[in-house]
Amino acid sequence: MPSADRAPNTDYAIETRNVTKTFKGFTAVDDVSLKVRHGTIHALIGPNGAGKSTMFNLITKFLEPTSGSIHLDGRDITRDKPAQIARAGAVRSFQISSVFPNLTLLENIRVALQRRMGNSYHFWESQARLDVLNEDARRILAEVGLDDSESVLASELPYGRKRLLELATTLAMEPRVMLLDEPMAGMGTGDVARVANIIRKVSQGRTVLMVEHNLNVVADLSDRITVLQQGSVLAEGTYEEVSTNRQVRSAYMGESDD
Ligand SMILES: Nc1ncnc2c1ncn2[C@@H]1O[C@H](COP(=O)(O)OP(=O)(O)OP(=O)(O)O)[C@@H](O)[C@H]1O
């Protein structure tokens, strides 16, 4: 029997309990207990080297913790593989590109939809079945505002729209939990605003955990923010709370206590 404090806690879509990750004796993540509530947008921020990427890779199962445990909807996923948590509804997007440059946008989404169904492409699929995919694919392209370009090759998209296509392939997996790795990396101001609006829209009814350097985006989108510093949690709260926290200001924003 699990003890009461180890019992599944289904208030949280994602929960890490005392997670530590060391690399050859160097502690990149140190005893982090992170709780991401269902239906919220939660951001992980912190200065360079704070352990954000390591934490994100632990949660998305690209790394295994040295100690501690990781839970998805209260279920222990510490030893799961990335594909297992994706099937359980937690899908990672961005930075690891899931876009095929030589396919059209519609074809890219169709591939993602077939992946969700556990199929690879079969040329003998009935036309009716593929038409169903087209309908779903068009709906998903419309969600991210790419429905005007369904016949365009992915390689021909400008950068910001390519990121939207990545988001669309993630949506095709019908995620309950979206794990976004620096969604605004490398984007100009116009694209940032557009992608932020779309993330807000598609987050409805879902949980989002994102690592993001752009603090305006973090302020704009996040319900809750965890600030990491040197592998540990320095502060947690709303943007208002963490941005006025003296320790955060001195550690993260490079300001003195004065
Ligand atoms: N595979 C690894 N082997 C050794 N050290 C690592 C490894 N991965 C990360 N680290 C170290 O762990 C620390 C945390 O790195 P991490 O990339 O998680 O930080 P971060 O907050 O994402 O930083 P940034 O904002 O610069 O991306 C750093 O000091 C980094 O050098």
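Two strands pair if DSSP finds at least two bridges between them. Helices (H or I, at least four residues) and strands (E, at least two) are DSSP runs, numbered from the N terminus. Residues are numbered from 1 along each chain as its sequence is written. The model is predicted: local features need pLDDT of at least 70, side-chain atom pairs count only at pLDDT 80 or more, and totals for chains, interfaces and linings use all residues.

**Strand pairs**

In β5, glutamate 15 has histidine 71 as its bridge partner. Histidine 71 is in turn the bridge partner of aspartate 76 in β6. Aspartate 73 takes a positive phi near 50° in the hairpin of β5 and β6, which has two residues between the strands. In another pair, methionine 178 stands opposite valine 208 in β9.

| Strand | Partner strand | Bridges and direction |
|---|---|---|
| β1 (residues 12-23) | β5 (residues 67-72) | Five bridges, antiparallel |
| β5 | β6 (residues 75-76) | Two bridges, antiparallel |
| β8 (residues 177-181) | β9 (residues 207-211) | Five bridges, parallel |

**The six-stranded sheet**

An open sheet with mixed pairing is formed by six strands in the order β7-β8-β9-β4-β10-β11. β7 (90-93) and β11 (232-237) stand at its edges with a single partner strand each, so one side of each is left without a neighbour in the sheet. On average, neighbouring strands of this sheet are turned by 20° against each other, direction ignored. Axes here are lines fitted to C-alpha atoms, for helices over the stretch in contact, and angles run from 0 to 180 degrees between N-to-C directions. Helix α1 lies across β4 (41-45), β8, β9 and β10 (224-229), and runs at about 145° to β9. Contact between two residues requires C-beta atoms, placed from the backbone, within 7 Å.

**Helices α3 and α5**

The axes of α3 (residues 105-116) and α5 (residues 159-171) come within 8 Å and cross at roughly 30°. α3 and α5 are therefore roughly parallel to each other (angles under 35 degrees count as such). Leu105, Asn108, Ile109 and Ala112 of α3 make the contact with Leu165, Ala168 and Thr169 of α5.

**Ligand shell**

Around the ligand are Phe23, Phe26, Ala28, Gly46, Asn48, Gly49, Ala50, Gly51, Lys52, Ser53 and Thr54 (a residue is near a molecule if its C-beta atom, placed from the backbone, lies within 6 Å of it). Two or more residues of this shell come from each of β2 (26-32) and α1 (52-59). α1 gives the most, with three residues.

Conventions:
Parallel < 35°, antiparallel > 145°, perpendicular 65-115°, else oblique.
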